[in-house]
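The sequence and the structure are shown here for reference while reading.

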Amino acid sequence: MAALVLISVTFVPRIVACPFCSAVSLTFAEQLDSNDIAVVAKLIEIPPVINDPDADFPKATFEILKILKGTDFVKQQMTFRTQLVGTYPLGQKFLVMGVDPPQVSWTTPMMTSDKVFKYLEDIQELPEKGPQRLVFFQNYLEDQEDVLAFDAYDEFARAPYEDLIGMKDQMDRNQLIDWIKDPDTSITRRRLYFTMLGVCGTTEEVPLLEELIKSGSRKKRAGLDALLACYLNLKGAEGVDLVESTFLADPEVDYVDTLAAVSALRFHGTEVDFVPTSRIVKAIRHLLDRPKMADMIIPDLARWKDWSVMERLVQMFKDADEESNWLRVPVITYLRACPKPEAAKYIEELRKIDPDAVERADFFLGFGESDDPWDEEDESTEDDQSTDDGESNGDTETDSSTQPSDPPKPETDRSSKRELDQFDDSQACNNEGGDTEGGPDDASELPQTVKDSAPPKFNNAQDFSPMSKPEVIDSNLEPTSFQSNSRSGSYVVPNESGNRVEVETQVASASLHSTSLPRKKPAANLTMSIIFIPMGISAGIFVLLWSVVNGWFERLIF
């Protein structure tokens, strides 16, 4: 059960209060929910030292002083025994949790303070969600008790963004500014504080933010994506000029800085309304001049219905070579979304140049049901998106639940650059002696809807993408299963020599890799994979947690 709770908490997607933050661990509230019992207990008996390495790990005896949860299962002054790692004096207080009463399995005791115990009592009285819940945790964001500061941060990282807006009047703006100016504030917390300042700040903070942006110091610009989003919140559309000239128009700007700027603009194009979409589109068009980054923003242009660059993208498709053919699938995706009649004609023209790219785009996006996979609304406003000077006219509403993410990328030397999507600020250094800065978190990436469709037909192994490098394996192997909207899949198909090769397809971080698919997929294997693989993973996690609870893991180590 604990494993299932852990999985459900970890993988449920949501729009978080800090779009540029990610929670570090389970919060205390989530741990209390996933356990039947939580008590404050003191150590009353230390187990004797055992020199036999084969003996069971010794258990210490505890007495329950206060029940935080589970009054139906335990009573005060009740004693219990569980493994204790380390040496502590008698009378030391611990937080201990348990599951599966009446034969309770106790967790490893956690030594902590009376302040933490009071905190655990208070959070059980809070509403399950809403701005007032965050108001309570705001007071602990920089608490001297590290465990409370981390827990408060995780609560903000998990809460809906609407709750952050709802507590605007109860934020301490001056305190946020002090934390941002403090050089000892961690990068993750700076991102949160920039996001909060973007909600409660005023134009008085604009000069400070501009100074940080223009500083050129990675340390001062730590958390650049959240910094830029905050700046645009307070400056509005006029602030895009600085972002555009500093990070987008200059082709020599570092990749991670440009990615941070794109992340901030995506946030403003999908979550808030401080900057018109037409201004955002004009800014990100600069990346079409940077071939190594162009594929990253083509889905954004389609999402925001900027059809003024259609002819340019068609030419980029035609000019693409082996070093840049990853552009072709997103270009087809863009044309499929375009409602203009010439888009369909361009697709047929490009099909003659690279039919595999067209088929891959068609398969992953499942066309046939709709000409615009990103458009869940009326298409009547799509044709007035471009002007004579090539700029978009006005804003259009978008549905963030069906927005595409980054387009396909090949398994070439670009893979090293794409790994920077997961870039950690603490890992990047510049020439100023260790200043650090990072790109945006995964939370800023937008999901992509992949519709079900039949896979394209292939006559032989040569029909597969040349970018896939299959490895010859045992000819007796059978094809493995694939699901069109799954994260990954692999196939075994015959090549010209009669051997069979395995071809893998992946959808990583909601981006489509340029791979091809086989002719058929066995339904039985697919069903078995869907049922047994998650069950196996859950069982493995459950066994690991159960071993920790019962001390088997400690005995294995010690």
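The secondary structure of the protein chain comes to 21 helices and ten strands, where helices (H or I, at least four residues) and strands (E, at least two) are DSSP runs, numbered from the N terminus. The model is a predicted one, in which local features need pLDDT of at least 70 and side-chain atom pairs count only at pLDDT 80 or more, while totals for chains, interfaces and linings use all residues. Residues are numbered from 1 along each chain as its sequence is written, and side-chain values use heavy atoms, with hydrogens and water left out.

Of the 558 residues in the protein chain, 51% are buried; buried means under 20% relative accessible area, exposed means over 50%, and partly exposed lies in between (1.4 Å probe, protein chains only). Among contacts (heavy atoms within 4.5 Å) between residues at least 6 apart in sequence, 70% join residues at least 24 apart. The accessible surface comes to about 26900 Å², and carbon and sulfur atoms hold 50% of that area; accessible areas come from the Shrake-Rupley method with a 1.4 Å probe, and for residues only the protein chains shown count as cover.

**Surface patches**

Two patches may be described on this surface, both made of residues with over 30% relative accessible area and no salt bridge, with like charges joined within 9 Å and nonpolar side chains (Val, Leu, Ile, Met, Phe, Trp, Tyr) within 5 Å. A patch of negative charge gathers Glu142, Asp172, Asp178, Asp182 and Asp184; here Lys and Arg count as positive and Asp and Glu as negative, His and the chain ends not being counted, and the place of a charge is taken as NZ of Lys, CZ of Arg, CG of Asp or CD of Glu. Glutamate 142, one of this group, lies in the loop between helix H4 (131–138) and helix H5 (146–158), and its relative accessible area of 37% makes it partly exposed. A nonpolar patch is formed by Ile531, Phe532 and Met535, which together have about 290 Å² of accessible area, and methionine 535 belongs to helix H20 (residues 523–550).

**Salt bridges**

Side chains of opposite charge can pair when their charged atoms come close. The structure holds 22 salt bridges, a salt bridge being a side-chain nitrogen of Lys or Arg within 4 Å of a carboxyl oxygen of Asp or Glu.

| Pair | N to O distance |
|---|---|
| Arginine 158 and glutamate 30 | 3.1 Å |
| Arginine 173 and glutamate 205 | 2.4 Å |
| Arginine 279 and aspartate 241 | 2.7 Å |

The salt bridge between arginine 158 and glutamate 30 links distant parts of the chain, with arginine 158 in helix H5 and glutamate 30 in helix H2, 128 residues apart. Arginine 158 is buried at 16% relative accessibility, and glutamate 30 is buried at 15%. Arginine 158 is also among the contacts of threonine 27, which, leaving aside neighbours within four places in sequence, touches Asp151, Asp154, Glu155 and Arg158. Threonine 27 sits in the loop between helix H1 (2–11) and helix H2 (28–34) and counts as buried, at 1% relative accessibility.

In the salt bridge of arginine 173 with glutamate 205, the partners are 32 residues apart, arginine 173 in helix H7 (residues 173–181) and glutamate 205 in the loop between helix H8 (187–200) and helix H9 (206–214). Arginine 173 is partly exposed at 22%, whereas glutamate 205 is buried, with a relative accessible area of 4%.

For the salt bridge of arginine 279 with aspartate 241, the separation is 38 residues, from helix H13 (residues 277–284) to helix H11 (residues 240–248). Arginine 279 is buried at 15% relative accessibility, while aspartate 241 is partly exposed at 43%. Elsewhere, Arg218, Arg221, Asp254 and Asp257 are linked in a network of salt bridges.

**Backbone geometry**

Most residues other than glycine have a negative phi, and most peptide bonds are trans. Proline 101 and proline 102, however, are joined by a cis peptide bond with omega about 10°, and proline 102 lies in the loop between strand E4 (93–99) and strand E5 (105–106). Aspartate 100, found in the loop between E4 and E5, has a positive phi of about 60° and is partly exposed, with a relative accessible area of 39%. Glutamine 77 has a positive phi near 70°; its place is in the loop between strand E2 (59–69) and strand E3 (79–83), and at 63% relative accessibility glutamine 77 counts as exposed.
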